[in-house]
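Q: Could we go through this structure together? Please keep the answers plain.

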Amino acid sequence: MDSLFVYGRLVGAQIRGQMQYRVSFLLQLVGSFSIAFSELLAVLILFRTFGEMAGWRVGEVALLYGLVALGFGFSELVSEGFDDVSILIRMGEFDRVLTRPVPPFLQVMSSRFALRRIGRIAHGVVALGIAQWWLRLPWSGVDILLFVAAIAATAIVFFSVVLIGAAICFWTTERTEVQNVFTYGGTELVSYPMHIYNRWLRSAFLWLVPLGLTTYYPVLRILDKGDPLGQPRWLSYAGPLVAPLFFSVALLIWRTGMNHYQSTGS
Amino acid sequence: MIRYLEMARVSYRRHRAYRAANVAGLATNAFFGVVRSFVFLALYRARPEAEGYDLLDALTYVWVTQALIMPVMHWGWLEIAQSIRDGDVISDLSKPVSYLGYWLSRDLGRSGYYVLCRFVPTLFLGWLLFPLRQPEHLTTWIFFALSVLMAAIIGFCVLFLINITGFWTTDVRGINGLAVTAVNFLTGFIVPLEFFPPAARAIAEFLPFAGMISIPMNIFLERSTGLAMLGLLVQQALWVGVLVLACHMMLAAATRKLVVQGG
């Protein structure tokens with residue numbers, strides 16, 4: 001609880017800091033929104049041309065797309081500090097992190113709170129609005145609960161990928177760009193229904209990095225669509241549950257990496 | 001001229017030093033290529049052709065655009081803005097070469113490196129994984145190369161103009177975000193301009209951004225041939241002229257107000 005309190009204070013200070021340059025912040029917010037929004041616009045243009053995608057209509061893809069955007073947006077909000085781990089290690093700054101009486105995990109996480117990423121989250125909300133406008137979904141209580149759980153689970157999986165990427169730096173020192181394949185690449189991939197991909201890609205994003213389980217399957221349930229891949233119905237509810245599991249693995253890798261840490265001595 | 005060639009060569013070699021980073025970037029470009037290919041494979045199940053693009057054209061479009069990212073697009077490149085912010089710009093301005101020429105030759109060296117080490121392998125990977133359309137005429141390759149060269153210069157000018165706003169504002173990230181959006185969209189990078197609604201398409205095809213992806217793409221797919229293709233090349237060349245002039249004028253305005261603080 002104590003460390004949570006510390007995290008809150010540090011993030012508060014970050015937000016106040018970022019708000020000092022109001023115009024700059026607003027421009028960044030608009031920039032972040034517009035980059036993300038152009039991708040949504042591209043999807044809409046494709047559907048305008050083609051009408052449907054492997055049995056999915058535009059509203060259905062927009063729902064999936066919005067879910068992914070929200071999950072990724074929330075994870076980006078808090079995960080940016082981990083992008084700096086490689087610099088911390090190279091500069092010998094991680095020594096200092098280790099001497100402080102706050103868990104390193106929290107220190108790194110609170111070192112950067114990317115408020116401008118709200119732009120991406122806002123674009124996710126726009127996508128959901130478009131989806132609802134097209135689909136007029138009835139949204140039962142269970143649906144809403146499942147959808148919120150799916151957003152949280154997606155955010156956790158994205159966050160875990162970044163955490164693993166940061167942990168790998170303890171061995172390699174350099175940041176490995178392969179992480180981008182799973183974060184930015186993953187966002188692109190799971191924004192479309194999983195059944196359009198071949199078996200290899202599907203397996204990688206269902207069972208290795210379980211993004212498909214936290215996005216595609218819950219959305220199938222909410223849309224009340226059958227699974228063309230023939231997985232059992234309960235997977236839609238079980239899917240989001242794998243996120244905490246994946247996070248534990250990521251945390252374990254992070255801990256192992258930290259134990260492996262060797263100061264650069266500079 | 002020799003000085004500029006030399007600077008381009010040094011820049012080429014500087015980028016060659018980061019081999020691992022290039023391989024990782026290649027993996028990322030190719031991954032996106034694979035995902036986008038599956039998206040088009042799924043879309044074309046509904047109809048065999050759209051706006052003159054068949055499946056083969058669409059797949060080729062995906063891989064050529066992915067391959068062109070590093071030679072012409074390079075999002076978020078803020079090196080000049082950074083040098084304005086920390087004051088290094090002064091030593092660059094006092095070099096006995098044109099400031100614009102200095103950065104342009106450096107950037108073309110960079111593009112040259114990425115044509116060889118990113119464009120070629122990305123396209124090759126795409127060709128291994130998916131059926132792609134190859135230009136029927138050998139001359140198409142020559143016109144395509146010319147078009148890509150001009151695309152790289154247009155891409156550089158757009159970025160130069162964004163970076164140089166750093167003389168007036170100290171934080172160019174916001175403007176950069178908007179510019180990245182424009183570049184992503186209006187170049188025809190995320191979707192071919194042909195798929196835009198008619199009015200938007202007409203505007204986008206006129207703007208300089210079309211010269212970065214859409215026009216080279218058009219030439220590669222041999223959608224325009226003969227005089228129509230020459231027209232596209234002329235359009236590109238005109239925009240190159242206008243943009244280089246704009247860079248000159250912006251730079252002149254910026255250096256007039258530049259104040260050097262001692263130290």
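Predicted model: local features only at pLDDT ≥ 70, side-chain atom pairs only at ≥ 80, totals over all residues.

Q: At what angle do α2(A) and α3(A) cross?
A: Helix α2 (residues 22–50) of chain A and helix α3 (residues 58–79) of chain A cross at roughly 160°, and their axes come within 10 Å. Helices here (H or I, at least four residues) are DSSP runs, numbered from the N terminus, as are strands (E, at least two). Axes are lines fitted to C-alpha atoms, for helices over the stretch in contact, and angles run from 0 to 180 degrees between N-to-C directions.

Q: So how are α2(A) and α3(A) oriented to each other?
A: α2(A) and α3(A) are therefore roughly antiparallel. That term covers angles over 145 degrees, while those under 35 count as roughly parallel, 65 to 115 as roughly perpendicular and the rest as oblique. The crossing of α2(A) with α3(A) is right-handed; right-handed means that the near helix is turned clockwise from the far one by less than a right angle, and left-handed that it is turned anticlockwise.

Q: Which residues make that contact?
A: α2(A) contributes Ala36(A), Glu39(A), Leu40(A), Val43(A), Leu44(A) and Phe47(A), and α3(A) contributes Val58(A), Val61(A) and Tyr65(A). Contact means heavy atoms within 4.5 Å. Eight of these residues are nonpolar, none is polar and one is charged. In this scheme Ala, Val, Leu, Ile, Met, Phe, Trp, Tyr, Cys and Pro count as nonpolar, Asp, Glu, Lys and Arg as charged, and the others, Gly among them, as polar.

Q: How do α8(A) and α9(A) pack?
A: α8(A) and helix α9 (residues 178–190) of chain A pack at about 165°, with axes 9 Å apart. This makes α8(A) roughly antiparallel to α9(A). The contact has five nonpolar, five polar and no charged residues.

Q: And α8(A) with α11(A)? What is the angle there?
A: Helix α8 (residues 141–172) of chain A and helix α11 (residues 211–223) of chain A cross at roughly 165°, their axes coming within 8 Å. The crossing of α8(A) and α11(A) is left-handed. Residues that meet there include Leu146(A) and Phe147(A) in α8(A), and Pro218(A) and Arg221(A) in α11(A). By class, this contact of α8(A) with α11(A) has nine nonpolar, three polar and two charged residues.

Q: Is Ser236(A) buried or exposed?
A: Ser236(A) is buried, at 3% relative accessible area. Buried means under 20%, exposed over 50%, and partly exposed in between (1.4 Å probe, protein chains only). Ser236(A) lies in helix α12 (residues 235–238) of chain A. Apart from neighbours within four places in sequence, Ser236(A) is in contact with Leu146(A), Tyr217(A), Pro218(A) and Arg221(A).

Q: Which residue does Arg221(A) form a salt bridge with?
A: Arg221(A) pairs with Asp224(A), the closest N and O atoms being 2.9 Å apart. A salt bridge is a side-chain nitrogen of Lys or Arg within 4 Å of a carboxyl oxygen of Asp or Glu. Arg221(A) is buried at 9% relative accessible area, whereas Asp224(A) is exposed at 59%.

Q: How many salt bridges does the structure hold?
A: Over all chains there are 19 salt bridges. One of them joins Arg112(A) and Asp84(A), at 2.7 Å from N to O. Arg112(A) lies in the loop between α6 (104–110) and α7 (118–135) of chain A and Asp84(A) in the loop between α3 and α4 (85–90) of chain A, so the pair ties together parts 28 residues apart in sequence. Arg112(A) and Asp84(A) also belong to a network of salt bridges with Glu76(A), Glu80(A), Arg116(A), Arg117(A) and Arg120(A).

Q: Over in chain B, where is Trp141(B)?
A: Trp141(B) is in helix α7 (residues 138–164) of chain B. It is partly exposed, at 36% relative accessible area. Trp141(B) and Ile219(B) are 78 residues apart in sequence and 8.6 Å apart in space, C-alpha to C-alpha.

Notes: Residues numbered from 1 in each chain as written. Chains lettered and ligands numbered in written order. Heavy atoms only, no water.
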